[in-house]
Amino acid sequence: MLKFGEILMTMEPEKQIHNDKVGAMKAKDANVNDTAFLCGYFSIDGKILSNITKGKSPDSLKEWTPLHYSGQQTAMLSNFYYPEFVEFCTEVRQSYSLRVNRQVSIPAGGDERCSFRVEDIRFGIYPYDIVMFSIRIEFADTDLDKLLYALSRLRNCCFYDGAGLDEFISVCIDPLKRLYCVLTGCETAPDANCLVENGNKFKLFHIVESGDLSDEFLYSCATLSRYEPDSPFSASREYFEKTIAESRLNIFNNWKALMLLDTVTFCAKELSDFTKGIWTNDYFGMIYLYELYRKTYLYRQNLLFRSRRESPEVLHEQLKYFERKYTFSSISYNFLPNDVDKVIEQGLGTAKVERDVYRVIDQEVESKSAERESRSNVFLTFLTCVASLSAVWDISCMVDAMVNYEVAFHYSTVG
């Protein structure tokens, strides 16, 4: 017969298993906070941009407030980032903001709704007539499933019609469509999809505050899919492990990040205001938007080449200038911003796009150069033949003048 202490010992494993399950359920059911940025981009009219640069802004831009960095702010950033990168973010890029500060509610499946606050909308005018914008929204103490469902609906801008997002469209999308019309010269913006020049959805950068830092939780937040802490998984285990291994940034114990093509996700617990400020202002406002701009520019150059709207020689020179002025091999004196930049670039696939664009344009330029050289050689050969015949004629005329053929052969035409 077991003693009382022995009975407790035999019950302890079952108790621990029960506690683990309860803990997992609590982690799954716990609400989270999320700071999210929905990002889009489009090309604008260079003439309109020239007027804005000269201070001749249209009246419809009056609702947007220009953002300027003070000398002190620039000097502070230069302590952490290379001067050329700081100059790009603070001077080359012209930034504007529209304060919103509105509570918005959207459907969250069934009869439920998800509420969040829209902080502001910002846009930046970048070199080569590209505008990039972001909508900042804040979710406070929100159920995870509702949050992920809401973000999935909000970023799919080509499916806004009939989605019950009228309030969000009125608060966030309509001001951007008015901006689009002003900067592109269009009378009316067709739909929200015009705010993403290539593709069908907004890019997403978000910061999730939660006590759960498991890879499964991180993957769920990054892919906006249902959180599945236990097997079986909707995604194959092989794909899940490959994505985590290639795209995860895991340096400290209190946060992780996963950088994918369409989303960048930071998951953290006990996030301080100071760290959150660095992530929103530096990692998003400077690094992510810069890498997204690079990807956008390279993609547009590829489209211009494929559509034959610009000559390969002009595109080649533009790429060389872009590489000298706006491509930075490193951006910071510190390791962490460089690591963040590297993984973001990898997730966006910028390096592959860059290699492919440079390769095809270089090949086309070389091909056209060889073609021109071949035509030039043919023409030079023709000129050489003509010159040779002319020389034969001149020599014949000289000999004819020197020799009296009429006396020798009785016919002057023999010469």
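The largest pocket has a lining of 37 residues, with Tyr69, Gly277, Asn281, Asp282 and Met286 lying nearest its centre. Bear in mind that this is a predicted model: local features need pLDDT of at least 70, side-chain atom pairs count only at pLDDT 80 or more, and totals for chains, interfaces and linings use all residues. Residue numbers start from 1 along each chain as its sequence is written, and side-chain values use heavy atoms, with hydrogens and water left out.

**Largest pocket**
- About 950 Å³ of space sits in this pocket; a volume here is the space filled by probe spheres set on grid points, which are joined across faces, edges and corners.
- A pocket, on a 1 Å grid over the protein atoms alone, is an open set of points where a 1.4 Å probe fits, with protein on both sides within 12 Å along at least five of seven lines, and lining residues have an atom within 4 Å of a point.
- The elements giving two or more residues to that lining are α3 (71–77), β4 (113–126), β5 (130–142), α9 (273–306) and α11 (335–348).
- Helices (H or I, at least four residues) and strands (E, at least two) are DSSP runs, numbered from the N terminus.
- The largest share of the lining comes from α9, with 11 residues.
- By class, the lining of the largest pocket splits into 21 nonpolar, 11 polar and five charged residues; Ala, Val, Leu, Ile, Met, Phe, Trp, Tyr, Cys and Pro count as nonpolar, Asp, Glu, Lys and Arg as charged, and the others, Gly among them, as polar.

**Second largest pocket**
- This one has a volume of about 350 Å³.
- Its lining has 19 residues, and Tyr41, Asn198, Lys203, Lys295 and Tyr299 lie nearest the centre.
- Two or more lining residues come from each of α9 and α12 (350–402).
- Here α9 gives the most, with six residues.
- The lining of the second largest pocket holds eight nonpolar, five polar and six charged residues.

**Leu380**
- Leu380 is in helix α12.
- With a relative accessible area of 46%, Leu380 is partly exposed (buried means under 20%, exposed over 50%, partly exposed in between, using a 1.4 Å probe and protein chains only).

**Gly109**
- Look for Gly109 in the loop between β3 (94–107) and β4.
- Gly109 is partly exposed too, at a relative accessible area of 29%.
- The C-alpha atoms of Gly109 and Tyr149 are separated by 7.8 Å, although the two are 40 residues apart along the chain.
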